[in-house]
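Hi there,

Here is the structure I promised to pass on. My notes follow below it.

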Amino acid sequence: MGSIVVDVMLKPEILDPQGQAVGGALPRLGFNGFTDVRQGKRFVLTVEGDVTDAHLDAAREAAETLLSNPVIEDVVSVRALDESGSDGGDEQDDEQDDAQ
Amino acid sequence: MKIGVVTFPGSLDDRDAARAVSECGGEAISLWHGDADLKGVDAVILPGGFSYGDYLRCGAIARFAPVMEALVPAAQGGLPVLGICNGFQVLTESHLLPGALIRNDHRKFNCVDQRLVVENATTAWTSDFEAGQEITIVLKNGEGGFVADERTLDTLEGEGRVVFRYVPDAEGRNPNGSYRHIAGITNERGNVVGLMPHPEHAVEEGFGPSLDGRGFFTSIIKQTLESAANA
């Protein structure tokens, strides 16, 4: 059983009131080093068996049609989770970057 | 004169919209989200509410409901469609209208009697108004901030497709952070109109701030009767 992660963010020029609310709360908790917060969405799509290129293609299409609204959002990445369940984080260099 | 009112799971104002149609002399026909059938109506209203719980994005899941499979091509072919509040969000998600609606800039849900200026009185839904006329109807939303890129905004203004604008307050602010104070827009053809405020809550003495909402429904009824007479 494999999974594909789709990350979606509001476009940089679109106001993000939710991110602003989070950003406003951080200093009240003593986190003073952050100048801005942007909040996005992560989708985890699970498939039977291993993730194939066809799955990834379908996930990219779904990301552009349903999971994001291209007027206000960017699909930041569409990529397979590795077997450990980690998406690789910073160490992943073969990340599929689907930013338009 | 049949006006369809779509009910999605989570629609709230479908009954009010149907009642407004009847109050203004039309026949309201219920349309169900799960049926790709417009039942031969002359126009369609997408009502306010929280279709599919507003999950994912407001209107995003409703866009793919079976009824929309019938409605989108019909609207592209000239069927008059009015999207109110959540219905406006559905119209932008369906790409029948440009732009998008995002969370109010002040992050609070709004419920106010709102002054608007009618800027385009030539659409299917606004012909009973006069350009420049000021009306007051209810506005109630959490995600009513109209946004679009500069080019789209310029196009909308240049082509007279801004149908309603909020009257800004003393500080120059509108109630939800909409770009250029835009409250409602139309497509190129003028048959599809979307707005955040609610005309259906301002059609009856004793309810709502005015009777200004009646103009939406009388406009479409007249236009449909005229086009039937000319057919």
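Is Arg107(B) buried, partly exposed or exposed? Arg107(B) counts as partly exposed because it has 13 C-beta neighbours inside 10 Å; a residue is buried if 20 or more other C-beta atoms lie within 10 Å of its own, exposed if 12 or fewer, and partly exposed in between, with C-beta atoms placed from the backbone.

Before the rest, a word on the source: this is a predicted model, in which local features need pLDDT of at least 70, side-chain atom pairs count only at pLDDT 80 or more, and totals for chains, interfaces and linings use all residues. Residues are numbered from 1 along each chain as its sequence is written, while chains are lettered from A and ligands numbered from 1 in the order in which they are written.

Back to chain B. Arg107(B) sits in the loop between strand S5 (100-102) and strand S6 (110-118) (helices, H or I, of at least four residues and strands, E, of at least two are DSSP runs, numbered from the N terminus). Its phi is positive, about 75 degrees, although it is not a glycine. Tyr52(B), also not a glycine, has a positive phi near 50 degrees. Tyr52(B) belongs to the loop between strand S3 (43-46) and helix H2 (66-76) of chain B, and counts as buried because it has 21 C-beta neighbours inside 10 Å. Most residues other than glycine have a negative phi.

In chain A, three strands make an open antiparallel sheet in the order S2-S1-S3 (two strands pair if DSSP finds at least two bridges between them). Strands S2 (40-47) and S3 (73-80) of chain A are at the edges with a single partner strand each, so one side of each has no neighbour in the sheet. Seven bridges join S1 (residues 2-10) of chain A to S3(A), where Val78(A) is the bridge partner of Val6(A).

Best wishes
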